[in-house]
Amino acid sequence: MIEIFQNYGSDLLYGFGQTILCSVIALFFALILGSIFAILEVMPNKLLQKISKIYIEIFRNIPLLVITMIFYVVVPMYFVKISGFVAGTIGLTLYSSAFIAETVRAGILSVDKGQMEGALSNGLTFKQSMRYIVLPQAFKYVIPPLGNQFVNLIKNSSILAFVAGFDLMYEGNVIAADSLKSISTYMCIGVLYLIITLPLSYYMQHLERKLS
Amino acid sequence: MPMIEFKNVQKYYNNFHALKDINLTINDGETVVLIGPSGSGKSTLIRTINGLEDIQSGQLIVNGYDLLDKKTDINKIRKDVGMVFQHFNLYANKTILENIMLAPKIVLHREDEENKRIAMELLEKVGLASQANKYPSQLSGGQQQRIAIARSLAMKPKCLLFDEPTSALDPEMIGDVLKVMKEIAEDSSMTMVVVTHEMGFAREVANRVVFMDQGTILEDDSTEAFFKHPKNERASQFLNKIISHED
Ligand SMILES: Nc1ncnc2c1ncn2[C@@H]1O[C@H](COP(=O)(O)OP(=O)(O)O)[C@@H](O)[C@H]1O
Ligand SMILES: [Mg+2]
């Protein structure tokens with residue numbers, strides 16, 4: 001394993017960086033998209049509810065690889081050329097946003113209905129009630145499952161390897177083929193993923209304890 | 001001037017007919033107590049007034065706004081019509097002071113200094129000024145309910161709705177809440193609609209008593225006439241039952 005690190009250090013580091021970059025971008029946008037669709041789904045407007053339900057069901061029930069391939073193969077055919085990294089990051093964002101939406105929605109629904117009713121009858125609009133009262137309370141319920149979603153997202157970023165995204169997994173495949181040492185290569189890759197996901201897991205657990 | 005006017009109002013929960021042809025007028029400054037057995041539609045009726053429940057037909061005018069008119073901005077009604085719930089519904093993520101100051105700040109854009117002064121005055125009024133920086137969960141039910149009333153009053157409403165405000169309270173807490181409600185009722189400009197089983201309160205404070213059963217208003221009478229002798233048979237039975245229960 002040490003040998004792999006010595007000989008292919010810069011490739012591994014590059015892949016490691018790409019994986020983090022893709023994860024951070026996807027996490028940021030998936031969180032925003034997921035929260036938006038979660039809120040749309042609990043709005044009183046039936047049409048918005050329907051739209052968000054369809055979005056969530058589509059992206060939750062198609063394999064990540066298929067979503068990514070659509071962006072990698074189909075989009076460049078008809079629209080613009082995008083790199084494997086971009087296609088993979090978009091695919092990962094959309095896919096994860098559907099799961100995050102479900103998580104956030106569950107969090108919103110676990111806030112006592114009386115909180116929203118209290119706020120509305122106090123004169124706040126639906127939006128203000130959400131922003132000042134319901135969402136801050138939902139946040140508490142959402143932290144633990146959201147932590148799992150984040151870890152899943154990072155692991156799922158290995159999808160980039162399929163579309164030449166030059167991420168950790170992709171570099172791993174290249175190094176394994178080049179060095180003919182698949183076992184130690186993939187062990188190195190595993191360790192590098194752990195370096196990202198374990199601290200995140202611990203941080204989320206810490207946050208959960210602090211909030212409760 | 002009517003503050004609230006129901007005309008042939010029908011309300012359904014899917015296929016269930018919850019309010020049947022409701023006709024009811026409540027004038028500015030009146031205090032009306034709404035009674036009836038559990039499941040008769042009291043909560044449903046009072047919640048239609050501030051749009052927490054929608055109605056399917058008829059006409060409902062509150063503070064001059066038609067609730068079935070699509071152009072009506074429901075928030076304009078809610079600004080002037082406060083509500084106090086059985087389970088208080090204080091903001092769990094805010095302190096007592098923040099609970100009272102939030103809506104005046106973001107809905108009425110009241111200046112911080114004035115906002116705080118008014119909030120503290122209200123806390124004095126309900127006897128809980130010393131609790132200002134606590135969270136709702138740190139207070140007893142009776143205290144929480146008085147805070148909920150103060151929160152509604154901070155909006156300087158024209159009308160207050162109470163849905164069984166003392167039903168979730170320990171008996172020794174009820175008196176303090178009723179006392180605050182009586183003080184509000186004495187202000188002749190405030191319109192109050194109160195769902196309650198507290199007949200002592202009704203007798204003392206209400207101008208009128210409305211009796212409901214199975215989604216229908218069976219009796220709407222002056223307080224005096226109602227307690228002397230309810231005209232409706234079921235109202236009479238109901239009254240006997242809760243009064244004997246109180247002793
Ligand atoms: N959200 C709802 N969906 C369906 N039925 C409801 C709902 N809320 C109340 N009901 C029904 O409407 C009737 C009146 O309820 P409610 O207004 O709560 O009565 P009360 O406050 O007088 O006890 C009851 O039969 C109740 O089961
Ligand atoms: Mg009720």
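In chain B, the axes of helix H5 (residues 141-153) and helix H6 (residues 171-186) come within 8 Å and cross at roughly 15°. H5(B) is therefore roughly parallel to H6(B), a label given to angles under 35 degrees, while angles over 145 count as roughly antiparallel, 65 to 115 as roughly perpendicular and the rest as oblique. The crossing of these two helices, H5(B) and H6(B), is right-handed; a crossing has this hand if the near helix is turned clockwise from the far one by less than a right angle, and is left-handed if anticlockwise. Axes here are lines fitted to C-alpha atoms, for helices over the stretch in contact, and angles run from 0 to 180 degrees between N-to-C directions. Helices (H or I, at least four residues) and strands (E, at least two) are DSSP runs, numbered from the N terminus.

This is a predicted model, in which local features need pLDDT of at least 70 and side-chain atom pairs count only at pLDDT 80 or more, whereas totals for chains, interfaces and linings use all residues. Residues are numbered from 1 along each chain as its sequence is written, chains are lettered from A and ligands numbered from 1 in the order in which they are written, and side-chain values use heavy atoms, with hydrogens and water left out.

Chain A has 8 helices and 0 strands. Its C-alpha atoms fill a box of roughly 70 × 45 × 20 Å along the principal axes. Helix H1 (residues 2-42) of chain A meets helix H4 (residues 84-109) of chain A, their axes coming within 6 Å and crossing at roughly 40°. That angle makes H1(A) oblique to H4(A). H1(A) passes H4(A) in a right-handed crossing. The residues of this contact divide into 20 nonpolar, 7 polar and 3 charged. In this scheme Ala, Val, Leu, Ile, Met, Phe, Trp, Tyr, Cys and Pro count as nonpolar, Asp, Glu, Lys and Arg as charged, and the others, Gly among them, as polar.

Further along chain A, helix H7 (residues 168-179) and helix H8 (residues 182-211) pack at an angle of about 160°, with their axes 8 Å apart. H7(A) and H8(A) are therefore roughly antiparallel to each other. H7(A) passes H8(A) in a right-handed crossing.

The ligand site comes last. Residues around ligand 1 (a heavy atom within 4 Å of it) include Tyr13(B), Phe16(B) and Lys42(B). By class, this shell has 3 nonpolar, 6 polar and 1 charged residues. Helix H1 (residues 42-49) of chain B gives the most to the shell, with 3 residues.

Some polar contacts (pairs of N or O atoms within 3.5 Å; within protein, one must be able to donate a hydrogen and the other to accept it, and residues adjacent in sequence count only if both atoms are side-chain atoms) can be listed. A polar side-chain atom of Ser43(B) lies 2.8 Å from an oxygen atom of ligand 1, and a polar backbone atom of Gly39(B) is 2.7 Å from an oxygen atom of ligand 1.
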